[in-house]
Amino acid sequence: ESLVDFSGVAMQFPNGTVALSGVDLTVRRGEFVTVVGPSGCGKSTLLRIASGLETASEGTVALGTKRIGYVFQDATLLPWRTVQANVELLAELNKQPKKARAEQARQAIELVGLAGFEKSLPKQLSGGMRMRTSLARSLTLDPELFLFDEPFGALDEITRERLGDELLRIFGERRFAGLFITHSVAEAVYLSTRVVVMSGRPGRIVDTFEVDQAYPRD
Ligand code: ADP
Ligand code: ADP
């Protein structure tokens, strides 16, 4: 069952820049796909198209779900809101009752390992903890498809590794499908069931390989 399916996707921006060409890519339930490639090869554009923020200029994009989570590199938290209030934001915008959204946020905060920090403000948190908060906020949507745009890009190596492990644990519990962008091949291989390599300008998929999950994770 495919959650997102790109077929012959090309993207030309109004200023004439062609960011993507001939992209075919499918993410199915249970898969965690990483897209790796150098800066400027169109990775973010691909993700923005998957999320509906951008419309492809050619080809088709079919979505198998409306429950899509999206996490960016800068954690985009509201600075005046506590962790709890930041995590409740999406449910609040969806007009969910107060009690239900508080409970949902509590579960998400627990899942990302931030229990005890509900009342903290973003500026009191480390970069890793801000990313966890952002992840918790998206988890309240109970996404079936989770899009990650270099979520650990601004973090140091050790934090990246730790959060990568946490993400795998959360993936194991929630079983959302993932489409994860990174420029780190090591991170891609470590995290995913399939690695898609992009390159060039405009960006194309130049290679795809399945990862033997049992090997890198043991
Ligand atoms: P990556 O995420 O791999 O670094 P991007 O998807 O951000 O690559 O960008 C791919 C190419 O498209 C780049 O050349 C970038 O400058 C260009 N680009 C991205 N967004 C726009 C836009 N809104 N208008 C024009 N060009 C853009
Ligand atoms: P960073 O890697 O940016 O420092 P982390 O999420 O790894 O961010 O956390 C940094 C520090 O914050 C940890 O070393 C720990 O001291 C504290 N911390 C993070 N999460 C928790 C937690 N759930 N409980 C207690 N302390 C935590």
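**View 1. Polar contacts between ligand 1 and the protein in the predicted model.** In this predicted model, a polar backbone atom of glycine 40 lies 2.7 Å from an oxygen atom of ligand 1. Serine 44 also takes part through its backbone, with a polar atom 2.8 Å from an oxygen atom of the ligand, whereas lysine 43 contributes through its side chain, where an N or O atom is 2.9 Å from a ligand oxygen. Taken alone, ligand 1 exposes 560 Å², and the protein buries 65% of that area.

**View 2. The shell of residues around ligand 1.** The ligand is surrounded by 13 residues, and the closest of them are Gly40, Gly42, Lys43, Ser44 and Thr45. Helix H1, which spans residues 43-51, gives the most to this shell, with 3 residues.

**View 3. The largest pocket and the elements that line it.** This pocket has a volume of about 190 Å³, and of the 13 residues in its lining, those closest to the centre are Tyr70, Leu90, Arg137, Ser138 and Leu141. At least two lining residues come from each of three elements, namely strand E5 (68-71), helix H2 (83-93) and helix H4 (127-139). Strand E5 gives the most to the lining of the largest pocket, supplying 4 residues. By class, the lining comprises 7 nonpolar residues, 5 polar residues and 1 charged residue.

**View 4. The second largest pocket, with its lining residues.** The second largest pocket has a volume of about 150 Å³. Its lining is formed by Glu157, Arg160, Glu161, Gly164, Ser184, Ala186, Glu187, Tyr190 and Leu191, and the elements that give two or more residues to this lining are helix H5 (157-174) and helix H6 (185-191). Divided by class, the residues that line the second largest pocket are 4 charged, 3 nonpolar and 2 polar.

Key: Residues numbered from 1 in each chain as written. Chains lettered and ligands numbered in written order. Predicted model: local features only at pLDDT ≥ 70, side-chain atom pairs only at ≥ 80, totals over all residues. Heavy atoms only, no water. 1 Å grid on protein atoms, 1.4 Å probe; cavity = no way out; pocket = protein on both sides within 12 Å on 5 of 7 lines; lining within 4 Å. Points joined across faces, edges and corners; volume = space filled by probe spheres on them. Nonpolar A, V, L, I, M, F, W, Y, C, P; charged D, E, K, R; others polar. Near = heavy atom within 4 Å. Polar contact = N/O pair within 3.5 Å; in protein donor to acceptor, adjacent residues only side chain to side chain. Areas by Shrake-Rupley, 256 points an atom, 1.4 Å probe, with all protein chains shown as cover.
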